[in-house]
Amino acid sequence: MAAQEVERLPTLTTGLGVGNDNTMAAEMAQGESAASPFAAGAKRTLHEILAEAAHVDPSASSTYQLTSLDPTPSTKDLLKRNPAYTPSEPLDPNSVGIVPKGLLESVDADEFLRKAAHQPIVTFDDHTPESWVYPIVVLITHLSYITLTVFGHIRDFFGKFLRPQGYNHLKEEGYAPLYSDFESFYTRRIYIRTRDCFNRPITGVAGARLTLLERVTKDYNKTFQLTGRTREVINMGSYNYLGFAQNEGRCADEVELSLRAHGVSYNSPRAEAGTHALHVELEKLTAEFVGTEDAIVCSMGFATNSTIIPALMGKGCLIVSDELNHASIINGCRNSGSTTRVFKHNCAADLERVLRQAIASGQPRTHRPWRKIMIIVEGIYSMEGSVCDLPRIVELKKKYKCYLYVDEAHSIGALGPRGRGICDYWAVPTTDVDILMGTFTKSFGAAGGYVASSKAIIDTIRARAHSSIYSETMPPPVCQQVISSLSIIMGRDGTNDGLDRIKKLRDNSMYLRRRLVDAGFVVYGDEDTPVIPVLLYNPSNVRHIGTSFLKRGIAVVVVGFPATPLVTSRMRICISSAHTREDLDKTFDALIEESTETMIRLNYKAT
Amino acid sequence: MTTTSDLNPETVALLERGLRLAMRAVESVPGAPAVVNYLSHSYHNDRWRLFLEILLVGILTKYLLSKKYRPREAPAVVLTDREIDQLVAEWEPEPLPMPLTKADNLILDSHIVFNGPSGKYLAVDSKRCLNFASLNFLGMTDRIEIRHEAEKVLRDYGVGTCGPPGFYGTLDAHLELETSIANFVGKEMAILYSYGFAAIASCIPAYAKKGDIIVVDEAASFAVQRGVYVSRADVHTFKHNDMADLEAVLQKIEKTRIARKQPLTRRFIVVEGLYQNTGTICDLVTVTRLKTQYKYRLVVEDSFGFGTLGKTGRGAVEHTGADMGKVDFYVASLANSLAGAGGFVAGATDVIDHQRLAGLGYTFSASMPAIMARASLRALKILRDEPEALIGRLRANTAHFRQALTHQLKAAGLQDTVELPGVVESPAVHVRLVHGSPLLAKLGDDRFDEECLLEAVVTRARVGADVVDPAEAEAAEAAFAKETAVGQMWPSLAGTTQEDLTLPADAEKAAALASATLLNGLPHGGVVFTRAKYALDQELPVPPPASIRVVISAAHGQAELDRAAAVLAKSLKLVISERFA
């Protein structure tokens with residue numbers, strides 16, 4: 001919405017943020033009224049925003065100040081990003097602000113409208129915090145890892161003498177150790193210290209709340225024992241974007257019926273008597289939802305990438321892959337036997353450099369021209385929360401005659417006014433993307449993945465992909481769950497439930513992210529993605545946040561090296577439409593309280 | 001030699017002052033006095049040494065500051081932007097979809113779509129067909145208890161887990177299943193993968209890296225090949241199930257290693273328990289002996305053998321009497337015998353735990369839906385409770401089918417034309433054409449021709465009016481119903497009734513659903529077989545020969561087996577005689 005174009009930054013605060021946050025919370029509690037820029041559904045014109053902004057007195061007692069009033073730069077920026085495109089359907093002008101004519105003369109108003117509805121409000125392009133503390137934090141983080149490593153080696157040195165039985169798995173007589181030194185050292189001496197933050201067992205549904213099974217360790221995280229007690233906590237860790245992780249309601253009812261009619265599982269590959277009417281229905285529905293000719297489903301998201309890329313690419317082909325692409329894509333590239341080059345995360349300029357160089361120099365050694373080149377990117381990067389710069393990439397793809405493969409694992413359902421993913425978000429026609437891949441694990445509360453594309457490509461996959469020929473099909477309850485949730489998102493159930501979920505998700509995401517940014521946390525990613533990574537830096541913070549949040553009754557995901565670069569350990573909050581404002585506020589408050597000890601509010605300005 | 005008198009005294013004073021200042025500045029740098037001290041001493045002791053030292057430092061600095069040589073990054077020829085633009089303009093990529101080959105089209109055209117449950121029967125084209133294609137060895141997908149369990153689990157857990165195992169995706173249902181499987185197969189720990197293909201394809205690369213050695217059977221199934229290939233280790237193959245060749249390969253590797261003085265790397269032998277592509281059982285006793293002797297780690301993939309071989313269903317290891325302790329990784333799919341989805345790897349605790357971080361298909365993938373985990377758990381319990389009834393029956397069925405088919409083939413005069421390779425215990429029977437036999441003399445070497453022929457047989461058996469006789473089907477089903485003990489295990493046609501499908505709200509929909517899926521209401525059809533399908537050009541190193549893979553289930557009745565054998569033999573005869581008439 002245009003309202004959110006206006007950037008807000010905290011100014012002039014006294015003491016540590018609690019007081020301010022209360023004021024802010026109060027302001028937010030005014031809720032959906034048009035007065036709050038956080039209200040995603042606010043119907044306001046740019047005129048109104050500008051007029052309102054003009055009335056704000058910087059010296060007034062308000063804790064907030066509107067700093068950037070001119071929406072033009074971001075519009076220009078936007079147009080620079082997304083050149084001409086053909087809209088698939090007209091957008092409702094009432095749903096977004098009206099563009100004042102005088103302000104944007106050179107801009108096609110229609111186009112601006114469409115984009116204003118989708119465009120990310122703040123893009124945290126430069127991730128480095130401005131604070132003077134930052135270099136110290138980096139230094140301390142490095143020191144922490146050095147300390148951990150040195151102590152680990154000291155312990156190993158003495159341990160091998162004093163307790164050799166603990167190292168038996170590393171030195172079997174006549175065998176080479178089963179894992180490399182680094183892997184083993186990392187697991188034994190660093191990972192194990194935070195192991196209680198990972199693989200936490202749960203029971204029941206991972207919805208807005210989840211039920212943790214309490215576990216204890218008697219040997220410093222080597223083994224865990226379940227105590228038999230359970231605990232309900234707020235779930236900020238599951239990819240339950242649209243809140244379809246449910247055991248009741250329309251989806252569950254339909255799945256139950258489907259279980260009775262179609263059974264529990266089929267034990268054949270698709271090609272060998274394993275294609276069920278449900279699969280056909282699901283593929284048709286998916287293609288329609290995504291907006292392509294045809295689609296194929298696979299019963300595991302990871303395998304969708306790792307088995308389908310090889311069906312399209314082979315020797316003599318080049319895959320140009322974003323450096324932060326998911327492991328399944330990397331696995332698929334390896335599996336395909338084609339050459340892989342990486343470009344800087346979400347950087348179109350670097351992509352262009354790689355493409356130019358690749359096309360100019362051809363295949364390695366022989367210098368023959370490439371058979372074909374495919375760019376692989378993700379819609380939302382799950383560890384960064386960033387949205388792929390699709391318009392620029394589409395532009396490059398056309399210019400350099402490459403093919404484009406977008407992994408929408410996290411963006412399908414979660415992005416775009418209709419939840420139809422990255423193309424919906426950028427208003428890029430789906431025909432500009434050759435292959436749209438996504439998973440059903442996240443937004444749809446099911447499992448598995450799909451690939452949507454033209455019929456010719458899907459037929460190739462159907463006939464050649466490993467998943468269609470060699471592995472089990474998607475089980476019927478999973479199929480049904482996707483069909484039901486898709487129907488709801490598409491409004492086929494005759495209600496607004498689907499759209500409400502999409503709106504609520506966006507609303508929740510922007511609310512929490514904006515609060516975190518304003519409070520001075522270093523947050524990665526684009527404004528309206530449901531993945532919110534908060535930077536923690538120090539490895540001890542990783543464990544501290546992981547455990548202390550649990551004590552506070554909030555389940556969050558913390559990630560450190562080697563899943564992230566050494567310095568940028570982070571905590572990842574996954575927003576769901578099932579979350580209430582209270583859930584988000586609790587998470588926020590917890591972070592504020594923990595931040596005094598962990599020093600993670602590096603952008604906090606206590607001027 | 002110039003003297004100071006030649007210079008202006010003022011200049012000298014200035015120089016001296018400058019020198020003194022410079023000295024003071026140098027001295028103020030921490031550690032500088034020591035350096036100066038060292039240099040002056042060095043100069044006094046040996047001027048040449050000082051010269052050499054300074055030279056050395058100079059060379060070192062120059063080396064460190066010099067540009068690194070990176071052979072991969074810098075292109076040999078630097079092109080101008082205009083030249084690159086021209087190259088871009090000239091370059092024409094191939095179309096993205098690879099052109100479909102005849103074999104691809106055959107696979108596409110031979111997809112059949114069924115409705116309702118998949119068990120002993122399949123509803124294809126609104127006909128109730130006997131199913132000899134699904135890998136439903138123990139008839140678990142027909143068991144009503146598993147379906148009831150699934151309905152219950154749905155109300156406790158929903159469907160998806162919405163996260164990888166590391167991030168709140170580990171359910172108690174998974175832990176229970178892992179423990180039960182580990183106990184069942186007799187290993188310390190098991191790890192679940194949500195996709196059967198991913199289990200073996202992730203397990204091998206989790207340990208085997210570049211420079212490691214993998215010795216693998218040449219007839220290993222595709223998932224195994226992928227796991228081996230993606231690990232980038234050095235791969236050596238040995239002749240299918242040929243222990244002498246395996247030993248020769250191991251000896252050769254060891255000899256090369258010693259000759260080249262290479263360090264010890266990780267070494268693996270990868271075999272299948274019951275080979276999917278050939279229906280043979282691996283000689284695991286010898287393999288475990290060789291493995292110990294040559295110090296290799298052993299990976300056994302047993303998706304077809306798990307639940308079907310051995311007295312209690314513990315797979316090929318139990319069947320051959322090998323020592324499970326010598327099998328480092330026991331990998332199998334849960335989708336075949338246990339009516340679930342996904343697969344598992346069982347082994348020692350330390351070793352398996354490593355996969356929770358390094359097994360890509362585990363770490364980076366959403367965990368298995370609770371319904372599937374609990375379904376498998378329930379199936380495992382059934383298998384444990386009644387191994388005799390299931391495995392004994394499966395074995396008897398398999399033997400009976402082979403016998404019946406052999407008999408029927410003989411009656412049809414095809415005994416020399418069609419062969420049934422593989423061991424008698426294998427519930428997947430490959431039906432192959434014998435090249436060069438009198439009837440097939442005209443069949444060329446073209447793989448595609450042969451596949452087409454087999455596909456014609458499969459289609460004939462399902463829909464051919466001259467082959468399929470509904471009356472026979474009814475008789476076979478009636479005979480099955482009379483086997484009372486079995487009838488209880490597999491209640492009539494998966495036990496679904498009209499009432500089950502009726503929701504109070506949507507009677508119309510329920511009726512439509514019932515008419516499409518309720519097997520009871522459908523007329524009898526033919527028998528569903530399938531060709532064994534392969535992605536031929538991607539199979540390494542030897543594509544398996546073409547065959548029809550007949551899968552026997554414990555749920556089949558004897559009369560039904562007889563009927564399937566008769567239909568298959570008849571279809572074969574008709575198709576072959578029509579083709580080569």
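**Exercise 1.** What distance separates the centres of domain 1 of chain B and domain 2 of chain B, taken over C-alpha atoms?

*Solution.* This is a predicted model, in which local features need pLDDT of at least 70, side-chain atom pairs count only at pLDDT 80 or more, and totals for chains, interfaces and linings use all residues. Residues are numbered from 1 along each chain, chains are lettered from A in the order written, and side-chain values use heavy atoms, without hydrogens and water.

Step 1. Domain 1 of chain B covers 103–142 + 388–579 and domain 2 covers 159–385; the bounds come from an automatic or database domain assignment.

Step 2. The centres of these two domains lie 29 Å apart.

**Exercise 2.** State how much area chain A and chain B bury between them.

*Solution.* Step 1. Buried area is the accessible area (1.4 Å probe) that two parts lose on being put together, summed over both.

Step 2. For chain A and chain B the value is about 10500 Å², with 61% given by carbon and sulfur atoms.

Step 3. Leu178(A), Asn267(A) and Arg464(A) supply 8% of the area that chain A buries against chain B, more than any other three residues.

**Exercise 3.** Classify the packing of helix H8 and helix H16 of chain A.

*Solution.* Step 1. The axes (lines fitted to C-alpha atoms over the stretch in contact, with angles from 0 to 180 degrees between N-to-C directions) of H8 (residues 277–290) and H16 (residues 476–489) come within 10 Å and cross at roughly 30 degrees; helices are DSSP runs of H or I with at least four residues, numbered from the N terminus.

Step 2. H8(A) is therefore roughly parallel to H16(A), a class for angles under 35 degrees.

Notes: Helix = DSSP H or I, 4+ residues; strand = E, 2+ residues; numbered from the N terminus. Parallel < 35°, antiparallel > 145°, perpendicular 65-115°, else oblique.
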